[in-house]
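Please open the structure in your viewer and follow the stops below in order, making each selection before reading on.

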Amino acid sequence: MAISEQQAKRYARHFSLKEIGVRGQKKLLSSKVLVIGAGGLGSSAILYLAAAGVGSLGIADFDAVDLSNLQRQIIHKTENVGMPKTRSAEIAVKAIDPNIIIRLYDFALTPDNITDIISEYDFILDCTDRFETKFLINDACVIAEKPYSHAGVVRFEGQAMTYIPKKGPCLRCLMGGVPHDAVTCKDAGVIGAAVGVLGSVQALEAVKYLTGVGDLLCGRIFSFDGLTMNVRVHSMPGADPDCAVCGGSPSIKNLAENSRDYFIQSCNNGGDDV
Amino acid sequence: MVLINGTKTDADGKTVEEYISQTDYNRSRIAVEINGDIVPKSKYDSTILNDGDTVEIVGFVGGG
């Protein structure tokens, strides 16, 4: 792949970074990243990945833009209220760089369809808003051996970690099972700039993974509290050998057979994308 | 005494499971870090808190 004169100008600041340079930029341009959820986390993640020159972006979301999203979901605009979030995100990405190849998935990811979709991508970002979906993505990525970035945010705080197959713990190693009673941003509220921090962390992890530089949040949890500005990185160096999905003798081998884990069980849990 | 989230706590000799069950923490939404490393959930029953341990409870949130 040759770098054009326009690309040389566009990515000049990357070329100045010894960690990225022309070589890293070529890797980004030939990479495919899937962002699941075009809400709060997805907004900053998608915009930064598009700007960084990730050549191919998949965007998955089944929702439409709502006026109440705009307080934090900065990829969406007032004029796009009512539009599918995938289409609204595509407009924003094309405005940054019309050359990015975009594929939209404007339906819910399920145990039946997620494996085929993630198989197309080099790296996946979990930017969803419910633990049920986060565990679906985790289990699908573990079984398909796909690297992905996890993040979650509520109120002013959130966490992020990166799963690399066979190299570190997955979300189940850390949390055990799905907390079906977790509070959502709709119930608890959320501040846009805090979601933006975590979405940016996810984009940064993707860029580092794709270019092969730095230390990923593999075996480490980045924990952020925007109210106190306490930032911690907690360590869990190895996977749990007894983990139900990535352990030595996993009980979860088939997503469809484990599908009740991924259903939204609480009628109170009407979350929307942060 | 065990230093839990910066507070000296009389939890010596208790397992992680016993300690968590006596608190308001929701077991499914936290990770427990002892002396710098997170303990897998499957080891909560067999991991005993010792005098001088430093424990951090890490919360997980699910919005996005």
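Begin by selecting chain A, where buried residues make up 50% of the 274 residues, a residue being buried if 20 or more other C-beta atoms, placed from the backbone, lie within 10 Å of its own. This is a predicted model, in which local features need pLDDT of at least 70 and side-chain atom pairs count only at pLDDT 80 or more, while totals for chains, interfaces and linings use all residues. Residues are numbered from 1 along each chain as its sequence is written, and chains are lettered from A and ligands numbered from 1 in the order in which they are written.

Switch to a cartoon view, and chain A shows 10 helices and 8 strands, which are DSSP runs (helices H or I, at least four residues; strands E, at least two) numbered from the N terminus.

Next, select residues 21-29 and 192-211 of chain A, which are helices α3 and α10, packed at an angle of about 110° with their axes 9 Å apart; the axes are lines fitted to C-alpha atoms over the stretch in contact, and angles run from 0 to 180 degrees between N-to-C directions. α3(A) and α10(A) are therefore roughly perpendicular, the word used for 65 to 115 degrees. Show G24(A), K27(A) and L28(A) of α3(A), which meet V207(A), L210(A) and T211(A) of α10(A), contact requiring C-beta atoms, placed from the backbone, within 7 Å.

Finally, bring chain B into view: the contact takes 18 residues from chain B and 38 residues from chain A. On chain B, select β3 (30-34), β4 (37-39) and β5 (54-59), each of which supplies at least two residues of the side that touches chain A.

How values were computed. Contact = placed C-beta atoms within 7 Å. Buried ≥ 20, exposed ≤ 12 C-beta atoms within 10 Å, placed from the backbone. Parallel < 35°, antiparallel > 145°, perpendicular 65-115°, else oblique.
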